[in-house]
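User: Hi! I've got a model open on my screen and would like to talk it through with you. Could you help me find my way around?

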Amino acid sequence: MSKAKVATVWLDGCSGCHMSFLDIDELLLDLADKIELVYSPLVDNKVFPDMADVTIVEGAVSSEEDLHKIKHVRAHTRVLIALGDCAVTGNVPSMRNVFPLDKIYNRAYTENATENVGTPTSLVPPLLSKVRPVHQVVTVDVYVPGCPPPASLIGRVILDVLAGNIPDVRAKFG
Amino acid sequence: MDMDELENIAAHEQAREAQYAHRVRVCVATGCLSVGAEAVQEALEHHATPKGKHHCLVMGVGCMGLCGNGPLVSVDPAGVMYEKVTPDDAPDIIDSLGAKPVARLQCDTNAPFFTRQVKIVNENSGIIDPEHIESYIAHGGYSALVKALTEMPPHDVITQVMDSGLRGRGGAGYPTGLKWSTVAKTPNTIKYVVCNGDEGDPGAFMDRNVMESDPHRVLEGMAIAAYAVGASYGYVYVRAEYPLAVARINKAIRQAEKMGLLGNNIFGTSFNFNVEVRLGAGAFVCGEETALMASIEGKRGTPRPRPPYPAESGLWGYPTLINNVETFANIPPIIRNGATWFASIGVGRSKGTKVFALSGKINNIGLIEVPMGISLRDIIYDIGGGIPDGRAFKAVQTGGPSGGCIPAEHLDVPVDYESLKALSSVMGSGGMIVMDDTSSMVDVARFFMEFCMSESCGKCIPCRVGTVQMYHLLSKFSNHQATQRDLDTLERLCDMVKYTSLCGLGQSAPNAVVSTLRFFREEYQERMIESEVAHG
Amino acid sequence: MAKTFKIDGMDVSAADDQTILQVARERGIFIPTLCFLEGLSFVGACRLCIVEIEGNPTPVAACATYPQEGMEVYTNTERLQGYRRLILEMLFAEGNHVCAVCVVNGHCELQWLAEKLGMTYNTLDYLNRPKQVDASHYRFAVDHNRCVLCTRCVRVCDEIEGAHIWDVMGRGIDCKVITELNQPWGESVNCTSCGKCINVCPTGALFKKSKAVAEMEKDTHFLRYFSTIRAGGD
């Protein structure tokens, strides 16, 4: 049996969900037999494959880069898993949504800046006016809430998805 | 006060009016006042004075119906009506008395607008002087109350109301007699009668008109109800945005008290009935009966779960009868003429007449009273005179924010409680807004949702948040930004808000969306875009 | 006079003063609640405890409805599950609930309900309305971002403490719980600082200062003492 092509991406998040994923301990060894990690912030390959069987997304959609990336990923993924509260609800990144964008830029790049004062015009991807959970931008197949979701849940969900199921997740936010 | 005295007052007033060769009536209800009726009345009085003491009587009266063409003036006994009268027309009108009418101002009283109406609630509207209790008495006023008090035991009054088939005119259509009998059967020494005059639907002014044009009729209806159910206190709850109605009801209460028609030992019987006015402070939800009662009690005007219904536990926990203005206005004629007479008007389970406020894209804008069972087509094309500027009819919105939009293919439906409900609309309190082919139904639904959203009291979650969510979704449709997922979410929200909201405001808030989705779905679909996000 | 009726097909009986919710709880039948709290008056506002009654197209709030003889009540139909989920989604969309950084993370009724009723994501758009925090009281604070407007604080302050410093202002989506006619809490002369409101609040909207993320636990057992006293000590 050929190995399933699995990718992970990381949008606006803290990497905690990736850490929790790694916390599945010895299950990683089982997984290694079943999957081929084709793309991830944790591996060297920086080109998203033509078609991943499963992609795990951490983080909310905050910037134009995030938006572009998640649309590309969705188009090249069979089953998309939103992992963690940022991907599922917007969570901490979305706390900026109650403020207008120019105030946020001003706060970050002018008020609190000691050098290079002023909003950058290049190299930093522009922010979207609102941070959005992944499913408001592209279709999501599996939702795994939690900040981060417990490792055991992540392990169970991934095995379930690899077995061809869409798992019924019961988990709490936060 | 007894029947003889009442008859004396009536005879005296009739004789006073009969002294005059001509009676010139000027509508001084809000509609005509807003276009200068007061100045017209003054000009007419000014020009009438030199003609001699008993030449003509200039009276301020209530609404004559054709509000869009005000100020309206009618002349008796010539039977002539004038429209769009200005103070400059006064000399011509006064000079024409007894001679040829002023043709340029004349309004065709043989038009279907006038001939097809059947007036019960508005029988005195435009005829009597609303600020003059004798004027009401001269037209049979308070005779029903005397009859009830002196000839009928309370249960006979209730039987009459029950047999008449009268149903609540505030919108829900609950059988009035049944409500009365529930209050009557609930044992308590203290009971209340409340008149709901918190009319808040956009475009509706039926109740305002009754209170402005014939305020004593409301008081008489309430007094009969109080006698029937065993109450001795009453409140008229009127929205403060109706200053003229408030002033006239207050004046009417003082006049009736002075004559002993309200107060203690009315007509020498042991029956006491004292009425006070309470003002609503501009919240639509206070038209909902439990919110209205909270407001009268001085609390925040929010609804509470029912049961218990007000009939068992209402104001301050006492049994309370709440009826709408128009419902009470139907009571005196039912007692005077009998249940059989009333039940002979109307159709099926909807008896009597209904007053509608016709507005929107229609030639005859104003207030009409029609028998139940008349078709929408007759109302719009015959009485309403059709659609202006040669445009095509598109839909009629009945029942205000709680109602729905009815398309052309259903114009032949009879106007009764059940038929309108079957079309995802409601009878409602009587707002009727006509739309032509220039109206966007999505925008109409959005307008009413905006109204419900800003009028939600915020107590229950489905109404508080659901109306905002639906409004945002409708805005997406208006801006051609909606997706299939938005349409699915909108439909899910409609169902959920309808079935889970605490009170009628929330439960009926989705109606405008539901009915436009049912009859004008293509207008929603035309405003959708392809999306990368799948359904659900 | 006792009434007999059915809940989810089970024969049950109710005393005159018992609501459907009370009978269900007695029998161990779970009906989710949020605004309801044993020991306070009911308001029937959150609509989570809606149940279906055979022959009645509109569900009713179990906390505010007294059973009728022969009634057939259903507490957990697919339709109700859908409605309840949507109610929770509305609450999460209305406020700015960020469980991960909340003082009651792990002890929150809203968070618990979402897990229990299977709400793992929100199908509605977040409203992202800016809300205030009032930390003027020396021991307590109110964060309106987390308020679900259940009015438990209003009722406990009025009905149990007798101070009635809490109430609701505004209408619709602008509703807000307020202290002392919308004055800063710290300036209230009538607040007894008893802390009952803090303990009955189902979310992290009302909390003790000095509590960090997940440290605030609520304790409502005091309400049971009051119920006992009111019932005449038996």
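Predicted model: local features only at pLDDT ≥ 70, side-chain atom pairs only at ≥ 80, totals over all residues.

User: Good to know. Let's start with chain C, then. How many of its residues are in contact with chain B?

Analyst: On the chain C side there are 27 residues, and they are in contact with 24 residues of chain B. Helix H2 of chain C, residues 78–94, gives the most to that side, with seven residues.

User: And how do the residues on that side of chain C divide into nonpolar, polar and charged?

Analyst: The side of chain C that touches chain B has 18 nonpolar residues, five polar ones and four charged ones.

User: What about the contact between chain C and chain A, how many residues does it take from each?

Analyst: That contact takes 18 residues from chain C and 21 from chain A. On the chain C side they divide into nine nonpolar, seven polar and two charged.

User: Staying with chain C, what domains does the assignment give?

Analyst: The domain assignment gives domain 1 as 3–76 and domain 2 as 103–230 in chain C. Their C-alpha centres lie 25 Å apart. Eleven residues from domain 1 and 18 residues from domain 2 make up the contact between them. The domain 1 side of that contact has eight nonpolar residues, two polar and one charged.

User: I can see a sheet in chain C. What order do the strands come in?

Analyst: The order is E2-E1-E5-E3-E4, in an open sheet of five strands with mixed pairing. At the edges are strand E2 (10–14) and strand E4 (60–61) of chain C, and each of these pairs on one side only.

User: And in which sense do E1 and E5 of chain C pair?

Analyst: Strand E1 (residues 3–7) and strand E5 (residues 72–74) of chain C pair in the parallel sense, over two bridges.

User: Found it. Switching to chain B: what is the strand order in the E13-E12 sheet?

Analyst: In chain B the order is E13-E12-E16-E14-E15, an open sheet of five strands with mixed pairing. Strand E13 (366–371) and strand E15 (404–407) of chain B each have a single partner strand, so one side of each is left without a neighbour in the sheet. Ignoring direction, neighbouring strands of this sheet are turned by 30° against each other on average.

User: How many bridges join E12 to E13 there?

Analyst: Six bridges join strand E12 (residues 353–360) of chain B to E13(B), and the two run antiparallel. One pair to look for is Ala357(B) with its bridge partner Leu367(B) in E13(B).

User: Okay, and what are the domains of chain B?

Analyst: The assignment for chain B lists domain 1 (17–114), domain 2 (140–343), domain 3 (350–436) and domain 4 (441–525). Between domain 3 and domain 4 of chain B, the C-alpha centres lie 22 Å apart. Twelve residues of domain 3 are in contact with 16 residues of domain 4 in chain B.

User: Which element gives the largest share of the domain 3 side?

Analyst: That would be E15(B), with three residues. The domain 3 side divides into six nonpolar, six polar and no charged residues.

User: What is Met449(B) in contact with, leaving aside its neighbours in sequence?

Analyst: Leaving aside neighbours within four places in sequence, Met449(B) is in contact with residues including Thr467(B), Met470(B), Leu474(B) and Val513(B).

User: And Phe447(B), where is that found?

Analyst: Phe447(B) is in helix H18 (residues 441–455) of chain B. Phe447(B) is partly exposed, with 17 other C-beta atoms within 10 Å. From C-alpha to C-alpha, Phe447(B) and Leu474(B) are 9.3 Å apart, though 27 residues separate them in sequence.

User: Last one: is helix H9 of chain B mostly covered or mostly open?

Analyst: Mostly covered: seven of the ten residues in helix H9 (residues 176–185) of chain B are buried. Among them are Lys179(B), Trp180(B) and Val183(B). The buried residues of H9(B) pack against helix H8 (154–164), H11, strand E9 (320–324) and helix H14 (325–337) of chain B.

Note on methods: Residues numbered from 1 in each chain as written. Chains lettered and ligands numbered in written order. Contact = placed C-beta atoms within 7 Å. Helix = DSSP H or I, 4+ residues; strand = E, 2+ residues; numbered from the N terminus. Nonpolar A, V, L, I, M, F, W, Y, C, P; charged D, E, K, R; others polar. Pairing = 2+ DSSP bridges. Axes fitted to C-alpha atoms, helices over the stretch in contact; angles between N-to-C directions. Domains from an automatic or database assignment. Buried ≥ 20, exposed ≤ 12 C-beta atoms within 10 Å, placed from the backbone.
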